[in-house]
There are 2 protein chains.
Amino acid sequence: MKNQSKLTYTQIAREAGVSEATVSRVLNGDVRVDPERARRVHETVAKLGYKKNRAASALATGRTGMIAVIIDDDLSIFADPFWATVTSGVSRVLMENNMQTLLLVGASNNSDGNFSNYLDSGAVDGAIFFQVHDEEIVFQLAQEGLPVVMAGTPDIYLQFLHADTDNVGGAKQATQHLIDCGRKNIATITGEVAASAGAQRLAGFLQVHMNLGREVPPSMIAHGNYTHDSGFAAMNQLLDKNEIVDAVFAANDLMAIGAMAAIQDRGLTVPGDIALVGFDDTIVAQTSRPQLTTVRQDIVGLGAAAAELMIAQLNGEEPKPRLLETSLVIRETT
Amino acid sequence: MKNQSKLTYTQIAREAGVSEATVSRVLNGDVRVDPERARRVHETVAKLGYKKNRAASALATGRTGMIAVIIDDDLSIFADPFWATVTSGVSRVLMENNMQTLLLVGASNNSDGNFSNYLDSGAVDGAIFFQVHDEEIVFQLAQEGLPVVMAGTPDIYLQFLHADTDNVGGAKQATQHLIDCGRKNIATITGEVAASAGAQRLAGFLQVHMNLGREVPPSMIAHGNYTHDSGFAAMNQLLDKNEIVDAVFAANDLMAIGAMAAIQDRGLTVPGDIALVGFDDTIVAQTSRPQLTTVRQDIVGLGAAAAELMIAQLNGEEPKPRLLETSLVIRETT
DNA sequence: CTGAAAGCGCTTACAG
DNA sequence: CTGAAAGCGCTTACAG
């Protein structure tokens, strides 16, 4: 078990009485090796506590066994449990496939390709992008032959392989639920509509109304940016502009909680006066009083799906994009 | 900019009219190179869009430029924003030093060294451990010569280099603040006291009382495990067992919020009847109603400190362990 | 099924 | 300050 730092194929080969080529074949699972010699190699490896040198292996094969997870934003975004949770899903699937997760957090658009640079130095076998601000960089990397997967929905003109939550479907579930509860005047607080998730959640909200032949007056749509404070402010706007609002669909939980505070500050009650539905099912939905009805998305599953797409792609398959279903979690605010 | 995949020192050397050795020296910042030839090399590298192959470099030098961040728990732990945030701090400092973060999440004690295995294959230059359940594995790796840093406080018999929040100091701040507010009967809800953070926060709480010559009856100490529900249950215990409790220090925010729910469910008010202080200053402290007074710890700073210790260690320095100060954030529950 | 040998793309004493 | 050459530890056609 000691000073294994010096161990190489040379020692294993000698000890096991085979060539280095055979050691390599055994360790890589090549079937065409005499079972008895293979057994000896495995035994020797175990006895000596040998560990293969990754760098040498990577140099010889051109494969590193590492996939980059790129969070294209300033570091603070990682404080949001959302992406951390997605990352854990990626990590699990990669580990199951004997691959590792290389974490790259930081704004891609600063300093001429901070990590775009890194990515085509052959350091990784592929890259999974979260929260892409500038798809140009993804496009370029894909062009250069780096296998790429996006978590989220890419620009319609670009055809990256991607995994995403069914945001439209989730927003529809939320909106339909409010209607089923008998609410007549349903407002929405959007997320950033410049990004796909925000746009899709608004679209789902509008589609349900459209299908029912109902108009949604602009005053019933307030824009937020996913923060608690923006939800608070948006709710106040809605209350200022409208005579009657008896329900609100917020594009995430944090804004819903902010909206709840604004409602209660005016002496109104949830769900008595105004029903509330969030999106995500994060910890704040469970700790708020009353507890928040929300649309749960499978966050770990999203990461897992992205990783699975990557693995499939590396295996030469041509997988289809994945869209993950949401489910409504009914608690106390509706 | 195209097919750079084939570029090696050979092409750069030829184009720049120097030897490969010189290319290597220039790219590694060796000072003893003629400035003019160095300029030509840099120019050629830029023109051809050359990127150094990391694996080859790692094989030759024995250094990979990667540090493992190891979260020794099942994957779900990563959903806790705490460790994700610490990780972002590690990542920032490593990037500033041209190193990368390799993320290893998973229980170390399952399947015979799942990643202990990986770690001494030379895949990383060092390892930063979070949330260590079994320090034996850390010890073994350190023994084998892998530079190791722990986030948190190691067992007193082991002397790992580590960075930690001053949990004792933070707990003292919280407790003293409650006393300063005039509270007389202060209870505490602990975290897992088997781990250092939980034990230290309890110790700080007790020390303040001891210094004042006050006894803390056992009935004023309830144990939780950092979850919302455990805080709720612990608070109910405290209320059941004690005639009077006019303040509670909870070892994290989530338990404090759970305690708040329990208090309010009994028709009591916060802070009217019972004052409340949490620990961490996470998002739930800001979104709760009333907003939670809590002890803020510098979570990103903790990761940054751990990374700095690692870098110093790799540079052959002998840095001292780091203890990060906390600060009290007074909001509405005291 | 197996081994000898060349090769992956860097780095670094060594000699000048 | 600079170059030729050996070496890092694997992998993989190639020939048998």
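**Where the chains meet**

Guide: Welcome! The contact takes 42 residues from chain B and 42 residues from chain A. Please keep in mind that this is a predicted model.

Visitor: Which element gives the largest share of the side of chain B that touches chain A?

Guide: Let us start with the elements that give two or more residues to that side: H4 (54-61), H5 (81-96), E2 (100-105), H6 (116-123), H11 (253-265) and H12 (283-287) of chain B. By class, this side has 18 nonpolar, 18 polar and six charged residues. The largest share is eight residues, and the element that gives them is H5(B).

Visitor: In E2(B), which residue is the bridge partner of Leu103(A)?

Guide: Good place to look! Strand E2 of chain A and E2(B) run antiparallel and are joined by three bridges. In one of these pairs, Thr101(A) has Leu103(B) as its partner. For Leu103(A), the bridge partner in E2(B) is Thr101(B).

Visitor: Which strands are the edge strands of the sheet?

Guide: Follow the order E11(A)-E5(A)-E4(A)-E3(A)-E1(A)-E2(A)-E2(B)-E1(B)-E3(B)-E4(B)-E5(B)-E11(B), twelve strands in an open sheet with mixed pairing. An edge strand here pairs on one side only, and that is the case for E11 (322-324) of chain A and E11 (322-324) of chain B. So the names you want are E11(A) and E11(B).

Visitor: Is Tyr226(B) buried or exposed?

Guide: Tyr226(B) sits in the loop between strand E7 (221-223) and helix H10 (228-241) of chain B. Although not a glycine, Tyr226(B) has a positive phi of about 80 degrees. A residue counts as buried if 20 or more other C-beta atoms lie within 10 Å of its own. Tyr226(B) has 24 of them within 10 Å, so the word is buried.

Visitor: And Asn98(A), is that residue buried or exposed?

Guide: Asn98(A) lies in the loop between helix H5 (81-96) and E2 of chain A, with a positive phi of about 55 degrees although not a glycine. Asn98(A) has 8, so the word is exposed.

Notes: Residues are numbered from 1 along each chain as its sequence is written. Chains are lettered from A and ligands numbered from 1 in the order in which they are written. This is a predicted model: local features need pLDDT of at least 70, side-chain atom pairs count only at pLDDT 80 or more; totals for chains, interfaces and linings use all residues. Two residues are in contact if their C-beta atoms, placed from the backbone, lie within 7 Å. Helices (H or I, at least four residues) and strands (E, at least two) are DSSP runs, numbered from the N terminus. Ala, Val, Leu, Ile, Met, Phe, Trp, Tyr, Cys and Pro count as nonpolar, Asp, Glu, Lys and Arg as charged, and the others, Gly among them, as polar. Two strands pair if DSSP finds at least two bridges between them. A residue is buried if 20 or more other C-beta atoms lie within 10 Å of its own, exposed if 12 or fewer, and partly exposed in between; C-beta atoms are placed from the backbone.
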